Amino acid sequence: MTTNNEKLLRVERLVLHFRTTVGAVQAVDGLDFSLDSNRAVVILGESGCGKTSLAKAILRLLPRNVGEYSGKVYLNGTDVMAFSEEEFRQNVRWVGMSLVPQAAMNSLNPVIRVGDQVAEPAMIHLGVKKDEAINLAKQMFQHVGVPVDFLVRYPFELSGGMRQRVAIAMALVTSPSLIVLDEPTSALDLLTQANIFNVLKRIKKELGTSFILITHDIATSSELADEVAIMYAGQIVETGNAKEFFPAPLHPYAHMLMASVPRLRADQDPEFITGQPPSLINLPTSCRFAPRCPKRFEKCDQDPPIIEKNGRKVKCWLYA
Amino acid sequence: MADTKLATRIETGVDERKVLLSIQDLRVWFELRRFGFGVAGYVRAVDGVSFDLHHGEAIAVVGESGCGKSSLMKTILGLYRPREGKVTFDDQTISDMGRKGLNWYRAQVGYIQQDPYGALPPFMSLQRILDEPLVIGGVHNKDERIARIHKVMGEVKMHPVEDFLQKFPHMLSGGQQQRAVIARAMIREPKLIVADEPVSMLDASVRVEILKLLRGLQETHNLSFIYITHDLSTVKYFSERIMVMYAGRLVEKGPISKILKNPLHPYTSALMAATSDPDAKNADSYKEVPPGEPPSLVKPPAGCRFHPRCSRIIQGLCDQQDPPEFEPEPNHQVQCWLYQ
Ligand SMILES: Nc1ncnc2c1ncn2[C@@H]1O[C@H](COP(=O)(O)OP(=O)(O)OP(=O)(O)O)[C@@H](O)[C@H]1O
Ligand SMILES: Nc1ncnc2c1ncn2[C@@H]1O[C@H](COP(=O)(O)OP(=O)(O)OP(=O)(O)O)[C@@H](O)[C@H]1O
Ligand code: SF4
Ligand SMILES: [Mg+2]
Ligand SMILES: [Mg+2]
């Protein structure tokens, strides 16, 4: 087993393909990124680029039609991909890292009180008694800003925003060092969204939790981002520090994606990206963005390597 | 755009063009039925709304989920009957129109409904989807219909037209489906387009493309336009005036640059503060957000409907009396006691 003590999470050459009748969907296709403790990385990309699949690959929540699933996921230096399913369930999922799935607020169990639902992972994964688990749930409710008398309510008695907070409390109750949030606010109202981001910031500060935030909402993602990773057609094409990335993205796709964001406090006209991402079944052997890239040149017919530039990483021939 | 009049309108709200659509004290309530006991109450989705829309003017209605935006628009389209108040189009009141009048009216107004994915009938080709409104509208000459379908497909940039006309909705991407919905709204050459969250279901990169398309059509055809959205960051690319809706009311109305520079209503300020621009500094601080959630429209709070969440509340006034509309500066109205 390899160890590496600096990083909370290190993902190397992660691959997750799905089998279908028309071929393999290469949803996660050789990803590398890492995350320090008490930091948040946002994974940004258009619909269908593989963001949810990445979350599933990291947490090993796999559908039945998995094709290739390979690579390394180091959590605190331990390669958890090498774990058996049983070891993974006991030591990694929930206790090491947990997931707030896409549309979590609509997937709470309608017939169980929300307090009991939040307490359950603590009983199962921490092995604590019911009283103590309820007590933990109560503490989590306070962290996410849900009144504790809501513990005895059912999901339908709560607004969407409150249910989303409950889903976050559930991911938090086992005290994982990392929480993966898949589109945590995209179905919520603006003010509710802003409230939830305040909650996430506070959790990060008070509990030292790290986050992987998956979203296509670029503007809102900056509320939590320490690091940014841009995903395109199953791959990460740029990673870097948020403070360096937002003012000056490097990859042409990242650049165009940023230029497409309408801004309330600036006057520049947003631009759109013409064309569509490639099918994840028939991927080009060129740079995957080449067919839409205004900067392409001869070299782009080949798959670009990941290039390091002043601590930033970009998968583009322009920087070779 | 060398349109100085447009610039003036955006700055001052002065609009000399004729009024096309006029809404007066509109109320749209939905009955809450209780089994065996008749009506248990009303959802006051639209509760006293007034505004004018001029020929060729583009306005935005901004507000959060459930505040009544779609109900207001559906009433303007004649799909819901108002409980009170009236809608006047080209000086004719739509509730007084007979069937013939309503048919004429429906041809004057194009509707782009919320949720593009449910908007197109799945078993019809685009050709049929676009042909039908023309047949219903009494365009009996087939060649003319074909010519108009080709023209509108070109306008929404669906090339090559022949290929697209044979396609069914499920064969199109989200952005293409939305273009088809726009083509259908334009096919009868309306004077007014109502677009209800036309881009909220689309990916960021496609959103801008569709908004620009709509803006282009609005300008070339000198259309009046109502753009409904919850996203304040898109309105300035698109409209001359904003109306902010909260709990069934238009709490602030005014020219776009005035509102974006100097929002008057505490709710408008809160919406602006909650809207993020992509900026890494955002992560360094908490946002000031009003607590709580929008009120029930069945039993709205007494006084100002925003008072339970308002940080600038005047105790004894805001929680008791409904604020009327004040006009602290020309063409800029606000329903808030701070401006009495
Ligand atoms: N179990 C599966 N079998 C086959 N294909 C799948 C499966 N799950 C996802 N896909 C496909 O993999 C691709 C990536 O899907 P994924 O859900 O990861 O995208 P995403 O980036 O999360 O998109 P969104 O922003 O819409 O949530 C899509 O083309 C999707 O259709
Ligand atoms: N046909 C109806 N019958 C009963 N209640 C309705 C009906 N249509 C809407 N409502 C209620 O009226 C209120 C306003 O709904 P409306 O759809 O107009 O809001 P909206 O501002 O368009 O919201 P969104 O942003 O979610 O589309 C809501 O409380 C809704 O539940
Ligand atoms: S009327 Fe009072 S409560 Fe309502 S928004 Fe104005 S200050 Fe706030
Ligand atoms: Mg997803
Ligand atoms: Mg609506």
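# Exercises on a two-chain model with two ligands

Chain B and chain A bury about 3700 Å² between them, with 55% of that area on carbon and sulfur atoms; buried area here is the accessible area (1.4 Å probe) that two parts lose on being put together, summed over both. This is a predicted model, in which local features need pLDDT of at least 70 and side-chain atom pairs count only at pLDDT 80 or more, while totals for chains, interfaces and linings use all residues. Residues are numbered from 1 along each chain as its sequence is written, chains are lettered from A and ligands numbered from 1 in the order in which they are written, and side-chain values use heavy atoms, with hydrogens and water left out.

## Exercise 1: the interface

Task: describe the side of chain B that touches chain A, by element and by class of residue.

Solution. Begin with the contact, meaning heavy atoms within 4.5 Å, which takes 39 residues from chain B and 40 residues from chain A. Within the area that chain B buries against chain A, Tyr237(B), Pro278(B) and Tyr286(B) supply 19%, more than any other three residues.

Next, turn to the pairs that cross the interface. There are four salt bridges between chain B and chain A, a salt bridge being a side-chain nitrogen of Lys or Arg within 4 Å of a carboxyl oxygen of Asp or Glu. In the salt bridge that Lys243(A) forms with Asp284(B), the closest N and O atoms are 3.3 Å apart.

Then look at the elements, where helices (H or I, at least four residues) and strands (E, at least two) are DSSP runs, numbered from the N terminus. Helix H8 (204–220), helix H9 (232–235) and helix H11 (266–274) of chain B each supply at least two residues of the side that touches chain A, and H11(B) gives the largest share, six residues. By class, this side of chain B has 17 nonpolar, eleven polar and eleven charged residues; Ala, Val, Leu, Ile, Met, Phe, Trp, Tyr, Cys and Pro count as nonpolar, Asp, Glu, Lys and Arg as charged, and the others, Gly among them, as polar.

## Exercise 2: ligand 1

Task: work out which residues and elements surround ligand 1.

Solution. A polar side-chain atom of Ser47(A) lies 2.6 Å from an oxygen atom of ligand 1, whereas a polar side-chain atom of Asn65(A) lies 2.8 Å from a nitrogen atom of the ligand. The protein covers 68% of the 640 Å² of accessible area that ligand 1 has on its own, as given by the Shrake-Rupley method with a 1.4 Å probe.

Finally, strand E1 (9–20), strand E2 (23–35) and helix H1 (51–59) of chain A each give two or more residues to this shell, and H1(A) gives the largest share, three residues.

## Exercise 3: ligand 2

Task: find what surrounds ligand 2 in chain B.

Solution. The shell of ligand 2 holds 15 residues, the closest being Ser65(B), Gly66(B), Lys69(B), Ser70(B) and Ser71(B). Polar side-chain atoms lie 2.7 Å from an oxygen atom of the ligand at Ser70(B) and 2.5 Å from an oxygen atom at Ser71(B). The protein covers 64% of the 640 Å² of accessible area that ligand 2 has on its own. Strand E2 (38–54) and helix H2 (69–76) of chain B each give two or more residues to the shell.

Terms used
A residue is near a molecule or strand if one of its heavy atoms lies within 4 Å of it. A polar contact is a pair of N or O atoms within 3.5 Å; within protein, one must be able to donate a hydrogen and the other to accept it, and residues adjacent in sequence count only if both atoms are side-chain atoms.
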